[in-house]
Amino acid sequence: MMKKMKTLSGLFLLLLVLLLVVGCSGNKTASEGEKGEEIELKDPEDVGYPDKISYWTELVPNVAATSKSLNDVAAYQELEKITGTKVEFKHPSGEGSDITEQFNLMVASGKLPDVIEYNWRTVPNGPDQAIEAGTIIRLNELIERYAPNLTKYLNENPEVKKMVTTDDGNIYTFPFLRGDESLMVFLGMIIRQDWLDKLNLEVPTTISEWEEVLTAIKNEDPNGNGKADEIPLIVQLNDFKYIGAFVGAYGIHAQFYNDNGTVKYGSIQPEFKDFLTTMNSWYEKGLLDPDFSAVDSKLMDAKVTNDQLGSFFGFSGGGIGKYTGLMEEKNPDFKLIPAPNPSLKEGEKAATGHLEHAYSGMHSAAISGTAENPEEIVKWLDYAYSEEGHMLFNFGIEGESYEMIDGTPTYTEEITNNPDGLPMTQALGKYIRASYGGPLIQDKRYLEQYYELPEQKDAIKIWGETAENKINMPPITLNVEESEEFNSIMSDINTHYDETVINFIMGEEPMDHFDDFVETLKGMGIERAIELQQAALDRYMER
């Protein structure tokens, strides 16, 4: 009953957001008035930094561990000294769907801060409608006039400019950009090397090898405490739903994918039934954690630091690096290593694994339609894309968090060997934003030091080279009409999908009902959703 009420509440909230988006007639662009007349933009020389702004953004766990707000982070304290701008940060609570719900409530209320950092590619009806409604503003002209640093980068990187521009030609955010290919792979399968050594097993590369390893972890007490308390594997629902963990072994992606120019939806393909059959078998055998559908970061931390978890899908930094640091004194033998994206046959590559684009939409800052000083805010946001701002948000404060050694910004022991015992990822969170994202260009020199362990450096190569990733969708955008229809379809589908897929894996839904599941998704409009994605892909390829 509670689940049903929560679902109805979520649908009502989404309806409020959609009504607001359709009903509003706000500022379409900072260079247009209420009736579309041109407004003369100020001379850049006459535009300074704003005195104060309000800014809504998530406070990620590795920052929240040491800071109550981004106001406590050294990069923003220094930025205030440079620009004189005081920032009132507003942080939603919780993780994942909690943040989405609070974002929707904020938009529905119409009470918007000046800057809203979010993945605007994913909002109901798309970023073009958000501009049309006045929720956020078009930034093209403002960026060209008041953001010389971002303008220079986009002009020098036309493929990135293509990614941050909608089909209607709108640039809608100050983007988080990955400045090098080495920054685009950072998630994959991670396994306990010390347990493999105890069990005299090799790193698994195929689905059958994974089952052999997971079974040994469950049955042969690798943590040596005499209890059958080992958890062989955690893969969360969203990891295989949106990223393709283990699904890529079956030649598909669980969601929409690009099969040589033709969009398909992986979860209605026969191969997805094979994947679910394997996951159900692993669940029934106790190889997949029974909490897989409800694991949050705190529960994951507990399972790892209690010396129980054998393998999981996670980050090279916030997984391998974080947990190695946390377990260093507790268990000196503890060792995590990256495992290849699994395939069905030895020597094959998975069809897909984790691979980000230079721009994916996350951690990007839009200016709301209610902001009174957009020119000044644009100038303030552009500072992060300048040479000085780039150093500040990637490396922090010279003399504190980094020093220049032979021309290279090098993190100090405040970061690499924190005197308070903080893992590097949390130490970085006190100073910079490059370690997780923000409106900036991420520097590979940050990563080269952040990945202080050889296993982390190996992860980039292992995860990157063991997946084809040819079927991955580019960062397409749907137009206003398509977005409205697509989100209406997928809102219902995703609710049904999540519940049913979890039930398939847990055995509460018989696997011989898979064809009924496919037919239900078709009845709910998945084929029309595929058509909408196809149209957007076609337009993206023609940009």
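The model is predicted, so local features need pLDDT of at least 70 and side-chain atom pairs pLDDT 80 or more, while totals for chains, interfaces and linings use all residues. Residues are numbered from 1 along each chain as its sequence is written, and side-chain values use heavy atoms, without hydrogens and water.

Helix H3 covers residues 74-83; helices (H or I, at least four residues) and strands (E, at least two) are DSSP runs, numbered from the N terminus. Ala-74, Ala-75, Tyr-76, Leu-79 and Thr-83 of H3 are buried. Buried means under 20% relative accessible area, exposed over 50%, and partly exposed in between (1.4 Å probe, protein chains only). Gly-84, with a positive phi near 80°, follows H3.

Side chains of opposite charge can pair when their charged atoms come close. A salt bridge is a side-chain nitrogen of Lys or Arg within 4 Å of a carboxyl oxygen of Asp or Glu, and the count is 21. One of them joins Glu-482 and Arg-539, with the closest N and O atoms 2.6 Å apart. Glu-482 lies in helix H21 and Arg-539 in helix H23, so the pair ties together parts 57 residues apart in sequence. Glu-482 is buried at 10% relative accessibility, while Arg-539 is partly exposed at 23%. Shared partners join Asp-167, Glu-482 and Arg-539 into one network of salt bridges. Lys-90 and Glu-88 also form a salt bridge (3.1 Å, N to O); Lys-90 is partly exposed at 33%, and Glu-88 is partly exposed at 45%.
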